[in-house]
Amino acid sequence: TGQTTIVENRALTAPDDGAEVRHVVLDFGHAPCTILEGQSVGILPPGFDDLGRPHHIRLYSVASARDGEQAGTKRVAFTVKRVLADHNGKAVRGVCSNYLCDLPPGSQVSFTGPVGDTFLMPDAPMTSLLMICTGTGIAPMRGMIQRRNRVPRYLGGPMALFYGGRTPAELPYHDELESLPAGLVELHCAYSRVPGQTRRYVQDLLRDQSELVSRLILRERCYVYLCGLTGMELGVHDALADILRAAGADWDQLQPQLVSEGRYHVEVY
């Protein structure tokens, strides 16, 4: 627990794209510990709720590598969506998201953590990553990709990212991902609200790339990461079950095995 300073706050998507998402960077230069990819940091917004109680801490997934947004800086990035409605479309103003989105660089922020040991990337070289996410669920995946891009000994294991959103303009870090070094990560994007195009979701991409998915999971020392809205989990589970069944494996037996080996991670919200 302590105080940190905002050093960057920029828009990743414009409000007229339907959802404002911002890239917020905090300086943890004085923190005594290393913040790992896949961990979260708690942010405490100031003030009180309608009943006079202090606001709750809100956890945000780290979106940068363990050595910082810029290597060696201990500056940690977060992907923050401004919440103006709940999952049912009812108008709700998210206390912490709006607080963070509106803070200019130089502002002090109260934090706690880091927390989390269930979404960490493997340290062993020559392991592969199968990353499946939607929207701001890209945050931990971005940190993992950044880490592997900087540490050559990790490059032997293939990485594949299946990433879904409404349109390319609403997909955080879309341009950044498109400009990654060739061969670093195999990128597949699905869009569900592009005018004139059939709605596509991450589970559709997985089925399209069934050979890649089954090869990674069955033969490539693969670690699977799923992050995004709760509604995506069932569709992805069904797609993986069908893909592995067609490859001669039983997903209902394989998935618990992957979990027990620390190779299957789900973080939905």
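Biologist: Is Asp102 buried, partly exposed or exposed?

Modeller: Asp102 counts as partly exposed, at 46% relative accessibility. Buried means under 20% relative accessible area, exposed over 50%, and partly exposed in between, with a 1.4 Å probe and protein chains only. Please keep in mind that this is a predicted model, where local features need pLDDT of at least 70, side-chain atom pairs count only at pLDDT 80 or more, and totals for chains, interfaces and linings use all residues. Residues are numbered from 1 along each chain as its sequence is written, and side-chain values use heavy atoms, with hydrogens and water left out.

Biologist: Thanks! Which side chain does Asp102 meet in a salt bridge?

Modeller: That would be Arg93, at 3.9 Å from N to O. A salt bridge here is a side-chain nitrogen of Lys or Arg within 4 Å of a carboxyl oxygen of Asp or Glu. Arg93 counts as exposed, at 53% relative accessibility.

Biologist: Are Arg142 and Glu69 buried or exposed?

Modeller: Arg142 is buried at 5% relative accessibility, and Glu69 is buried at 10%.

Biologist: What about Asp242 and Arg245, how far apart are they in helix H6?

Modeller: They are three residues apart, so about one helical turn separates them. Their side chains meet in a salt bridge, 2.8 Å from N to O. Asp242 is partly exposed at 32%, and Arg245 is exposed at 54%.

Biologist: Let's stay with H6. At what angle does H6 cross H7?

Modeller: The axes of H6 (residues 232-246) and H7 (residues 251-260) cross at roughly 115° and come within 9 Å. That makes H6 roughly perpendicular to H7. Axes are lines fitted to C-alpha atoms, for helices over the stretch in contact, and angles run from 0 to 180 degrees between N-to-C directions. Angles under 35 degrees count as roughly parallel, over 145 as roughly antiparallel, 65 to 115 as roughly perpendicular and the rest as oblique.

Biologist: Which residues meet there?

Modeller: His237, Leu240, Ala241 and Leu244 in H6 meet Trp251, Asp252 and Leu254 in H7, where contact means heavy atoms within 4.5 Å.

Biologist: And how does H5 pack with H6?

Modeller: Their axes are 9 Å apart, at an angle of about 80°, so H5 and H6 are roughly perpendicular too. Ser210, Val213, Ser214, Ile217 and Leu218 in H5 meet Leu240, Ile243 and Leu244 in H6.

Biologist: New topic: how many disulfides are there?

Modeller: Zero, with a disulfide being a pair of cysteine sulfur atoms within 2.5 Å. The sulfur of Cys189 is 8.7 Å from the closest cysteine sulfur, in Cys133, which is too far for a bond.

Notes. Helices (H or I, at least four residues) and strands (E, at least two) are DSSP runs, numbered from the N terminus.
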